[in-house]
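Here's a quick walk through some helix packing, a chain interface and a few salt bridges. Have the structure open as you read.

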Amino acid sequence: MEILKLKHISKIYGERVQHSALQDINLTIEKGEFVGIMGPSGSGKTTLLNVISTIDPPTSGEVLLNGENPYKLESSQLALFRRRKLGFVFQDFNLIDTLTIGENIVLPLTLDGHQVSTMDKKLQEVAQRLNIENILTKRTYEISGGQAQRTAIARAIIHSPLLLLADEPTGNLDSKAAKDVMVLFEKINRETGVTTVMVTHDPKSASYCHRVIFIKDGRFYNEIHRGDSRRKFYQQILDVLSLLGGEADDLSAIRL
Amino acid sequence: MTFRQFAFNNVKRNTRVYLAYFLSSVFTIMVFFSFAVNLFHPVIASRRGGAIELILGQTEVAILVFSVLFVFISVNAFLKVRSKEFGILLILGMSPKQLRRLVFLENMLIGCVAIIVGITIGLVFSKLFLMLLSSLLSYGSLSFYFPVKAILLTAGVFILIFLGISAITPRIIRTNSIITLLKGVKKANREIKFSIIQSLAALLLLGSGYFMALSPKLYDLNPFLDRVVLFIERLPYTEVILTTFVVIGTYLFFSQLSILVLHRLKENKKFYLKKTNMLWVSDLIYRIRDNTRMLFLVTVLSAVAFTAITGVYALSSVVKDESLKDNPFALTFTSYSSNAHEEEQIKIIEEMLDSHGFKYEKYKSEVIKQTAKDNQPIHIIKQSDYNNRAAALGLEQEVLDKDQALMVPVYVRFDPKRDKTLSQKNIALDNGEINLEVAGVAPKVIFYSGLFRNLVVVSDETYEKIKNIQEKYHSYSYDIPDWLNTLEVTEKLREELGVGEPGRYYWSTRIEGYILENQNKKIFLYVGFFLGAIFFLGAGSFLYFRLYTDLNQEKDKYIGLAKIGLSFQEMKRVAGIQIAVLFFVPYILASIHTYFAIAVLQTVLYSSVLKQFFVVIGAFLMLNIIYYFSVRSRYLNYLKGFTVR
């Protein structure tokens, strides 16, 4: 079943001086897939994710999420769509500082007006899965980056979304925490079957995906599938990236 | 966690952001409530329609208008600080309607708590305010009462304000652009432009506004200037034009002129590239541009506050001088020729003064009234009577020829060159049979302000020749050194003589005018002080909110600078200069505005109020300095926490 279908997506910014961020992108993602999007800086990968996220309408082309074009919904319905069908994980976590970790996680359910008992049940489930049960009553400034990102993931999946979207989820983490987070993404994808789309800079993180799509200068460039070995896949990704013309510095810059 | 709990937690755990807003709301509500307690006090309410009720009522309205403005601006500032948070919530699927509800709930929560706290503190202080008011009004004592009406009015009005503003402001959030909200207000890389023409316009508008304010003082210096001054005088609504000029000029000052000045500083490489100058100058350009409206508002509010306070302070402190000038004698009794009891009445007055142990000097004058060709009354006094009074008032003795006359002003404020009657060159008496040349103008009122319009002094010889006598007054003035204690005597005399009889006699005292003026002006002082205080506090809060809004952005910048080796001392300097500019430039500009506003006020007062101006400005400078240092230290402490790692 197709969860996401992009047809001839283009995005042009600016009025007088036009800059084309995306040109004629076509993409189909099946249910349960874990897809990475890679490309050099300025290639348009975050723009692509924003278009999929329903927060940045494309200049032309059509986005179909579960067979429905979200940009044709009116704003309150669009909010409901995001609330129930999508989950988001960001590079800088974007947790609400005034809430505890637990409250941050149940926020999507709160917005949807669920029963408090349902919230508690789901919170326990998801916290257990992400191994953050013991920090639920803490505040955002009391936890580490890795814990913050796990909280964000918990918040993104507590309502069992159709599609999980992640923008550089490991970008602000050290390599140990980054690895933990990616293992979690893989595990969640495997266990719950949630379709996941992740934008990343980092070949190591990308190597956890089933499939990696490369874009360059706003155009589709290449796509590779993971076989049995993650190590081999990692090497393949590195090869494509060097062909892509991204300099070696550009790749490691993420680990500053 | 339900939605309502979510809103509640948001406020409860975000006290730092909300504290300034909350406290200022509490203060505003408290002041409003205290005035309502005064207004609805049984004693004051029983004198419905009186001047005091009117003044207090209008003050209440002014506080109300300010409160609306204040709450509105504060709420807007908060929404701006929290744009990223709103972006996150929207991306998580909060509908625009839910977001509006969240902001609404938060506002109502803060509003309700502020109303309860404000009224409670107001109740605690209300006894004090009532005592203050009753001592000002000499009403004996205004007893404490439980102000049900005031509580209901305050709660009702502020619930409406918070409801209205909570309902309107969330609509300002641009819920359709999540990306902009998420990225926040990071647009420091745009180029800041300014217009030289508009900068010049700022100078021109401020200059001409100030000139118009000063123009009455500039008369008679230079013929060309005189024509300009007369032109300004003929303009309708001069005050409105003047105020508009200064207000627009102030706006352009912040939006254009200040940017121009900073750009000039930037071009001066020696200055710009020296140590930390580059940092604060370049940053300040963005800050001023981002805060133009706020700086403008703070300046205007401060100017209004300073002017109100200087005005009332000046009025109340010059009241004695003014009474002295209005009534050069402590008591003046004037009798018509038809008054048969003149001598008895004079006896009553003098016996009463004697029996109370007052020492006095009596000055008796005779004044003839006749009507000139243009139907204007002319009053004539002879030289010896005039000199008699002049001696008492410390004026020069006059010696007039038989064809000379001296004009005497009837009001305290007069301009001999522009006053129609005083500037006459010749005077015709007895329908043109006696023609006199005007030799000069007396420097002062010699009876009391308003008595004997068109008063002319002639030589005793000429006086005897006057035939056309419509009325001959006898006027007795008493100089009583201890006049401040004459209230009791005056009241007793009023019982005997009343206020006078039309066409027979009337009398006026200095002490009554003094008491009346004094009371009115004390109320003005009371009211003006409160208005000024809340306006100034409001202005300070706007600055504080604004600094807080920018803090997150600043934090990132300073972390970056600390990494490349900016010491905390240097950071302190950079931030200190910037905060100082934001705090003191509006203060200085507002002080200058006030100086010129006071110059306008000066034209209706007789005494100089420059001293009062400096006292008020100085007091506010102290307040501003305290405010500045406390805000700066909080600000720096916050930055320190992030940078020294």
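A crossing counts as left-handed if the near helix is turned anticlockwise from the far one by less than a right angle, and as right-handed if clockwise. This is a predicted model, so to speak of local features takes pLDDT of at least 70 and side-chain atom pairs count only at pLDDT 80 or more, while totals for chains, interfaces and linings use all residues. Residues are numbered from 1 along each chain as its sequence is written, chains are lettered from A and ligands numbered from 1 in the order in which they are written, and side-chain values use heavy atoms, leaving out hydrogens and water.

**Helix pairs in chain B**

Helices (H or I, at least four residues) and strands (E, at least two) are DSSP runs, numbered from the N terminus. Axes are lines fitted to C-alpha atoms, for helices over the stretch in contact, and angles run from 0 to 180 degrees between N-to-C directions.

| Helix pair | Angle | Axis distance |
|---|---|---|
| α16(B) (residues 342-355) and α19(B) (residues 487-497) | about 155 degrees | 10 Å |
| α9(B) (residues 196-214) and α11(B) (residues 238-267) | about 145 degrees | 7 Å |

With angles under 35 degrees called roughly parallel, over 145 roughly antiparallel, 65 to 115 roughly perpendicular and the rest oblique, α16(B) and α19(B) are therefore roughly antiparallel. Their crossing is right-handed. In contact terms (heavy atoms within 4.5 Å), α16(B) brings Q345(B), I348(B), I349(B), M352(B) and L353(B) up against V489(B), K492(B), L493(B), E496(B) and L497(B) of α19(B). That makes 7 nonpolar, 1 polar and 2 charged residues, where Ala, Val, Leu, Ile, Met, Phe, Trp, Tyr, Cys and Pro are nonpolar, Asp, Glu, Lys and Arg charged, and the others, Gly among them, polar.

The crossing of α9(B) and α11(B) is left-handed, and their contact has 18 nonpolar, 8 polar and no charged residues.

**Between the chains**

On chain A, 25 residues touch 23 of chain B. The buried area (accessible area, 1.4 Å probe, lost on putting two parts together, summed over both) is about 2300 Å², with 67% from carbon and sulfur atoms.

**Salt bridges**

A salt bridge here is a side-chain nitrogen of Lys or Arg within 4 Å of a carboxyl oxygen of Asp or Glu. The whole structure has 14, and the interface has 1. K84(B) pairs with D92(A) at 3.2 Å.
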